[in-house]
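Welcome! Please take a moment to look over the sequence and the 3D structure before reading on.

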Amino acid sequence: VILLLLAVAVGAPIAAFKLNRERLRSQQVASFLKDMFTSFGPSALGQDTTVMRGILHTTAERVGRDLAGQPEVETELRDILGQTYRELALYKQMEEMARENLRFSQSHWGGEHLAVAAALQQLGEAMTLQGNHATAATYLRQALALERKLVGNEHPAVANTLETLALALKRQKQPHLVNEAEKMAREALAIQRKLFGNEHAYVANSLYNLGLVLRTAGKLAEAESAHKEALGLQRKLFGNESTAVAESLNSLAAVLHHEGKLAESEAVNREALAIYIKLFGKEHQFVANALGTLATTLVDQHKNAEAERMLKDVLTPAFASRPQSATFFRVRAGLFASQGRWIEASADASKVVQFEPAKQWGYQALTLLLVASGDLERYRHVCATNLDRFKSTKDADIAAQVARTCLILPSSGADLEAVDALAETAISMEEDNRFHHVFQFTKGLADYRQGRLSSAVEWMQKILIQTEPDALRDAKACAVLAMAQHQLHQLDEARNFLREARIAQSKWPNVENLDLRSNWRDWIMAQALVEEAGVLIEGPASRTNPFGTKSPQ
């Protein structure tokens, strides 16, 4: 198999590896190619997937030419290539392959064919893996409708698409979509059990996906049970050192963490991490994800130094210079920020922006960290860059993130009309989104910065009627209310809201004793807004140093 693939890489025709068309049907050729690629997966090459990537790219370029006249083989091979790109975390290449497969399938078979549905399914999955969940759901709903029409409701393809669509829906975090996702995940599991029995890889995968959906739905005990059942089945089917086992362990660790079972979560996560490192080496995306979960669990157990040592061990100078290190820098930036080490955290966030310029997280983190570290000139520059890159987004979460970070200070220099347009995009999201109060806050703050004071008051009052207590949320809302009331010359109300903001603020650690965990972004914003409100209402004499500055350790 290795010799055949190497021959493909150096230019031997794919036709040389196909048996005579009269001797074997196209499906048999596709099966052979599938076995060839899957047996030569990343783990077969140990820790270096460079050769595999080169072979994939070369093969992808030559599929259409060397398999002309064999559409079944060409379609299935493109599907296999897309799956392999997924395993290597090359999601953009996966998307491109799926789009080409969709174009080819539609041109050859028309609109109603299982090959078209398969291409739509893979395209939807590729979009989900890149964070484009709403677009992904559109493709996946098309695939599901086509599959139900062609093969009925109890078919492996239907179950697979149901699961992929469930994941795309649950990642949008809207309660009605999460509920729909849970129904789909349960339907998929029922189909797989009926078709394959209770001890099959498809059933294990369905249980795993159901666990992911249940975790998002907040049904943690059920999620833990689903993950443990999936894990037991995967150990039985694949042994103790497979990617599937590691994925289940990592997800189970996350559920246990949310349940407050930190010691158990740590032990499970360490096992997952060890498997990932053995299969993929230390510099793989899967390792980064597992390290992120483990680092968070360690921090929550006050084992900050140990978490930092783990990340330092991975981020060698050579690896730190490569784009693949972005996820590790993201994790470490959060670790430093949770301890108030703003300068170190901003340096790591800068690396994330450098390596992932098309993603929002780095810009959001960096702007907040620059505010905390006092580098306001650079804050304004990053704000402008962030706004320019994402000002046309239609994603409500991204729009809200960009707008908030450009509004945190009155002197950001950002184009307030463009920021307000983003706030409008965010607030247009359905009101049952679990983060709708964040969109309300964004819109209210945008109104305040543009002098629409009465509207700002209305938005912030909507936030304060939330039933669940949230000190940071309330501190931010009260601070903006205090400033708006002051500008409206309602001075008593302004002082009252400033007092409420400080009461809410006091429920979180102060700058001398920081242990912010994952809440550092809201903490920075709350500190900045409460400080601004205090200076506006009480004068410059009330100015403090709300962030401090911790030296690098």
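What follows is a short tour, from the whole chain down to single residues.

This is a predicted model, in which local features need pLDDT of at least 70, side-chain atom pairs count only at pLDDT 80 or more, and totals for chains, interfaces and linings use all residues. Residues are numbered from 1 along each chain as its sequence is written, and side-chain values use heavy atoms, with hydrogens and water left out.

**The chain as a whole**

- The chain has 27 helices and 0 strands; both are DSSP runs numbered from the N terminus, with helices being H or I of at least four residues and strands being E of at least two.
- Of the 553 residues in the chain, 53% are buried. Buried stands for under 20% relative accessible area, exposed for over 50%, and partly exposed for what lies in between (1.4 Å probe, protein chains only).
- About 24,100 Å² of the chain is accessible surface, and carbon and sulfur atoms hold 50% of that surface. Such areas come from the Shrake-Rupley method with a 1.4 Å probe, and for residues only the protein chains shown count as cover.
- Among contacts in the chain with a separation of 6 or more, 63% join residues 24 or more positions apart. A contact here means heavy atoms within 4.5 Å.

- Helix α8 (residues 156-170) and α9 have axes that come within 8 Å and cross at roughly 155°. Axes are lines fitted to C-alpha atoms, for helices over the stretch in contact, and angles run from 0 to 180 degrees between N-to-C directions.
- That angle makes α8 roughly antiparallel to α9. The word applies to angles over 145 degrees, while those under 35 are roughly parallel, 65 to 115 roughly perpendicular and the rest oblique.
- The α8 and α9 crossing is left-handed, a term for a near helix turned anticlockwise from the far one by less than a right angle, with clockwise giving right-handed.
- On the α8 side, the contact includes Leu 162, Leu 165 and Leu 169, and on the α9 side it includes Met 184, Ile 191 and Leu 195.
- By class, this α8 and α9 contact has 16 nonpolar, 1 polar and 4 charged residues. Nonpolar covers Ala, Val, Leu, Ile, Met, Phe, Trp, Tyr, Cys and Pro; charged covers Asp, Glu, Lys and Arg; the others, Gly among them, are polar.
- Helix α9 (residues 175-196) also meets helix α10 (residues 201-216), with axes that come within 9 Å and cross at roughly 165°. Therefore α9 is roughly antiparallel to α10.
- The crossing of α9 and α10 is left-handed. Its contact includes Val 178, Leu 189 and Phe 196 of α9, along with Tyr 202, Leu 207 and Leu 214 of α10.
- The residues of the α9 and α10 contact comprise 12 nonpolar, 3 polar and 3 charged.

**The α24 and α25 pair**

- Helix α24 (residues 453-464) packs on helix α25 (residues 471-487) at an angle of about 155°, and their axes are 9 Å apart. The angle makes α24 roughly antiparallel to α25.
- This α24 and α25 crossing is left-handed. Val 457, Met 460 and Ile 463 of α24 are among the contacting residues, as are Ala 477, Val 480 and Leu 481 of α25.
- In the contact of α24 with α25 there are 10 nonpolar, 3 polar and 2 charged residues.

**Residues to look up in the loops and helices**

- Glu 199 sits in the loop between α9 and α10, and it is exposed at 52% relative accessibility.
- Leaving aside residues up to four places away in sequence, Glu 199 touches Leu 233, Lys 236 and Leu 237. Its C-alpha atom is 8.8 Å from that of Lys 236, 37 residues apart along the chain.
- Phe 280 belongs to helix α13 (residues 262-280) and is buried, with a relative accessible area of 5%.
- His 302 has a positive phi, near 65°, in a residue other than glycine. This His 302 lies in the loop between α14 (285-300) and α15 (304-314) and is exposed, with a relative accessible area of 57%.
- His 489 is not a glycine, yet its phi is positive at about 65°. The loop between α25 and α26 (491-505) holds His 489, which is exposed at a relative accessible area of 66%.
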